[in-house]
Amino acid sequence: MWYFCDIIGHIWQSPFILFYLFAFWITPAFLHPQCLDFKPPFQPQQELQFCQMYKYFGCCDYARDQELMAKYYRIMDNFDYYGYSNCASYVQDLLCQECSPYAAHLFDAEDPSTPLRTIPGLCPDYCSQFHSKCRSFLSLLSDDPRLPELKHDQHRLCQYLELDDPDYCYPHLLSNERLTKNLGRTTADSEGCLQLCLEEVANGLRNPLAMVHANDGTHRFFIAEQVGLVWVYLPDRSKLEKPFLNITKAVLTSPWEDMNVVDHGSERIILEIDEPASNHNGGQLLFADDGYLYIFTGDGGMAGDPFGKFGNSQNKSALLGKVLRIDVNDNERGPLYRIPPDNPFVDEPSARPEVFAYGVRNMWRCSVDRGDPITKEGKGRIFCGDVGQNKYEEVDIVEKGRNYGWRAKEGFSCYDKKLCANSSLDDVLPIYAYPHKMGKSVTGGYVYRGCENPNLNGMYIFGDFMSGRLMSLKENRNSRNWEYNEICMGVGLTCSFPGLINNYYPYIISFAEDEAGELYFMSTEIPSAESPTGVVYKIVDPSRRAPPGKCHYEPLSVRVRSSLIQFKPKETLIGVHVPTKHPRLSNTEEPPDAGSKDRLQELLDSLREQDEQITPTPFPPTTPKPLRTSRQRKGRRRKGKHKKGAVRLVGDEEGRRDRGRVEVYVNGEWGTICDDLWNTKNAIVVCRQLGFHHALKAAKHAEFGEGTSLKIILDDVQCEGTEETLLDCQHAGIGVHNCAHYEDAGVICGNSVSGLE
């Protein structure tokens with residue numbers, strides 16, 4: 001019997017990465033661009049004005065560029081026209097080497113035994129020219145006490161300014177093709193293996209099987225161990241002492257726990273499937289962009305799917321060997337789940353209506369592509385790693401109604417000759433399959449959609465449990481083929497940046513992404529559920545980074561009972577309220593009587609008293625809008641006069657004014673906001689605009705119904721939380737969207753932290 005409430009399964013895996021860049025060979029010891037902060041260079045967000053030679057790739061942002069330009073003019077103000085005309089270019093060159101991708105080399109910052117240079121290392125011929133024309137500038141460029149002693153002796157001065165490694169002296173490094181040919185691109189060794197690095201995020205875990213983020217603005221993430229514990233990690237990577245979920249044994253706890261502990265009494269079995277064997281248990285449950293629950297089942301176990309004439313996977317009347325899709329929304333009463341009306345086989349009498357796709361063997365891990373951050377290309381695609389039988393492991397993109405071939409086909413190869421003769425399987429091919437002898441088993445992967453590693457965008461990174469191999473795929477937009485690269489850890493100086501390592505435990509179990517889209521994988525030294533050798537690693541490209549500050553985010557605070565765990569000093573709870581639910585009722589139970597309601601009210605009063613002990617800190621200073629009365633709001637609606645950007649809440653069944661679908665008024669009409677990226681900072685703007693103090697929840701996936709009678713006005717809204725209206729936030733443009741009404745956004749607002757007033 002397979003219980004879908006048990007997500008802790010067997011380890012049958014192999015990782016995959018989507019990764020496309022130019023491969024090239026460079027001796028790692030020579031190629032090591034590094035800034036004075038000991039981090040990789042970057043492309044500035046705003047084009048540099050002074051050090052323009054490094055405007056595409058270097059170590060200065062716009063602010064530092066302006067500081068260097070101001071210093072340049074302070075220096076040049078000390079000289080006449082002759083000095084200006086002869087030495088201006090030298091002064092600019094020397095100042096701008098702080099922006100060079102090789103700044104750490106030029107200023108000798110890598111050697112801790114030597115002081116940081118104040119003038120970059122110069123090539124002898126350049127130094128001679130500078131000395132003969134502009135040596136009087138030295139005291140203004142640097143406060144090094146040795147320079148006044150040496151400035152009259154060209155030989156000694158140039159010897160003092162020379163570097164031990166002549167490859168990096170200025171300006172010859174600019175013409176050194178070995179250093180500059182592929183600057184800023186991900187490096188590869190002579191065999192084309194892409195060299196990446198890692199950052200250790202968590203350790204001491206017992207077979208970490210899965211990691212997911214909270215998706216609520218707090219940037220928490222949850223890690224599941226095979227023993228049945230799920231732990232909460234905060235953005236600073238500290239681990240909460242109490243598990244979020246403990247299913248190691250039957251545990252009864254109060255349903256009034258806070259948001260970092262699951263209500264163990266809320267467990268319900270949604271679906272049961274009989275399994276004929278103990279292996280091939282699948283391994284993934286996920287909610288995709290459409291809001292439905294996807295369930296990935298194994299083929300039933302043993303070898304070759306020997307069940308029935310065609311096997312379970314090809315039998316659409318069986319739930320094994322399938323991708324199932326069900327609707328579990330609003331299932332407190334009535335059926336435990338519903339069938340989405342557009343499931344592909346709902347009208348086929350011999351098929352189970354839950355089936356979304358079939359012909360799979362044992363999909364261990366799957367992921368949903370959040371799409372390109374700007375174009376949204378690829379958004380919503382579901383990638384899965386399917387464990388092979390004898391010859392191939394494969395990676396698939398799951399599509400509605402598709403047959404993925406097993407047991408007729410294994411990867412691209414024919415497995416059952418009688419079944420694979422069926423011509424209808426000719427177009428059922430994985431996007432990639434690799435030989436079984438190279439590793440076993442595929443552990444799934446993720447498409448990189450983060451900010452910190454620009455070169456990795458659009459790269460599907462995956463791995464293999466038995467061999468410990470990391471691999472990558474990238475779709476060629478012209479041919480639509482998937483191009484493959486091995487991934488190896490950087491050698492030599494490649495990973496010699498703060499916090500980076502180039503080794504990992506070989507048994508790769510699973511992949512994950514955090515709320516910001518950065519990519520992780522989990523592995524262990526000893527593949528045992530009791531061995532505390534599991535580690536979570538973050539994948540890092542050492543060849544370049546995002547501009548400083550571009551990937552910065554402010555996590556929302558997380559409340560733990562009557563105290564606050566604060567990621568930012570004196571920041572109040574915003575948008576992380578989880579409504580408390582009653583214990584689940586069996587079909588034979590009656591609703592609670594009046595006495596139960598009184599007991600519930602006592603608990604609510606107790607919680608309110610705890611929350612009143614917390615002194616909330618106000619929002620960052622803004623210009624508050626006067627709070628209108630209900631009569632004033634109604635009067636304005638009667639006249640049909642609405643300010644551009646006005647908002648209203650609709651769709652709450654009980655008619656409460658503090659929650660509902662957000663509708664915005666633009667260009668004389670009301671419309672909805674359709675956004676699966678809707679977050680609490682956006683909700684803050686709406687709630688404050690309506691006169692509330694707090695945003696308790698950013699509701700997504702049409703929680704308050706679909707506004708199908710209205711146009712979709714806004715999509716991809718990104719607020720800082722201080723804007724006056726949503727129109728002041730970043731968005732795709734008025735009326736521009738790539739979503740549907742099933743993603744209509746809503747909010748729950750309140751005037752107290754607890755939301756229980």
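**Disulfides and a buried helix face in a predicted model**

C719 and C729 are both buried in this predicted model.

Q: Which residue does a disulfide join to C719, and what is the S to S distance?
A: Both C719 and C729 sit in the loop between strand 32 and strand 33, 10 residues apart. A disulfide joins the two, and the partner of C719 is C729, with an S to S distance of 2.1 Å.

Q: Is the link of C719 and C729 left-handed or right-handed?
A: The handedness is given here with the angle about the S-S bond, which is 100° for C719 and C729. This link is right-handed.

Q: How many disulfides does the structure hold?
A: A disulfide is a covalent bond between the sulfur atoms of two cysteines. The pair C719 and C729 is joined in this way, and C451 and C551 form a disulfide as well. The number held by the structure is 13.

Q: Which parts does the pair C451 and C551 tie together, and how many residues apart are they in sequence?
A: The sulfur atoms of C451 and C551 are 2.0 Å apart. C451 lies in the loop between strand 19 (442-447) and strand 20 (460-464), while C551 lies in the loop between strand 25 (534-540) and strand 26 (558-560). The pair therefore ties together parts whose separation in sequence is 100 residues.

Q: Is the link of C451 and C551 left-handed or right-handed?
A: The angle about the S-S bond of C451 and C551 is -80°. This link is left-handed.

Q: Why does C551 count as partly exposed?
A: A residue is buried under 20% relative accessible area and exposed over 50%, with partly exposed in between. C551 falls in the partly exposed class because its relative accessibility is 23%.

Q: What are the relative accessibilities of C674 and C739?
A: C674 and C739 form a disulfide, with their sulfur atoms 2.2 Å apart. C674 is in the loop between strand 30 (669-673) and helix 12 (680-689), and C739 is in the loop between strand 32 (711-714) and strand 33 (746-750), 65 residues apart. Both count as buried: C674 has a relative accessible area of 0%, and C739 has a relative accessibility of 14%.

Q: Why do the buried residues of helix 4 line one face of the helix?
A: In helix 4 (residues 124-134), the buried residues are Y126, C127, F130, H131 and C134. They line one face because, seen down the axis of helix 4, they fall within an arc of 135°.

Technical notes. Residues numbered from 1 in each chain as written. Predicted model: local features only at pLDDT ≥ 70, side-chain atom pairs only at ≥ 80, totals over all residues. Heavy atoms only, no water. Buried < 20%, exposed > 50% of the residue type's maximum accessible area, 1.4 Å probe, protein only. Helix = DSSP H or I, 4+ residues; strand = E, 2+ residues; numbered from the N terminus. Arc of directions from axis to C-beta. Disulfide = S-S within 2.5 Å.
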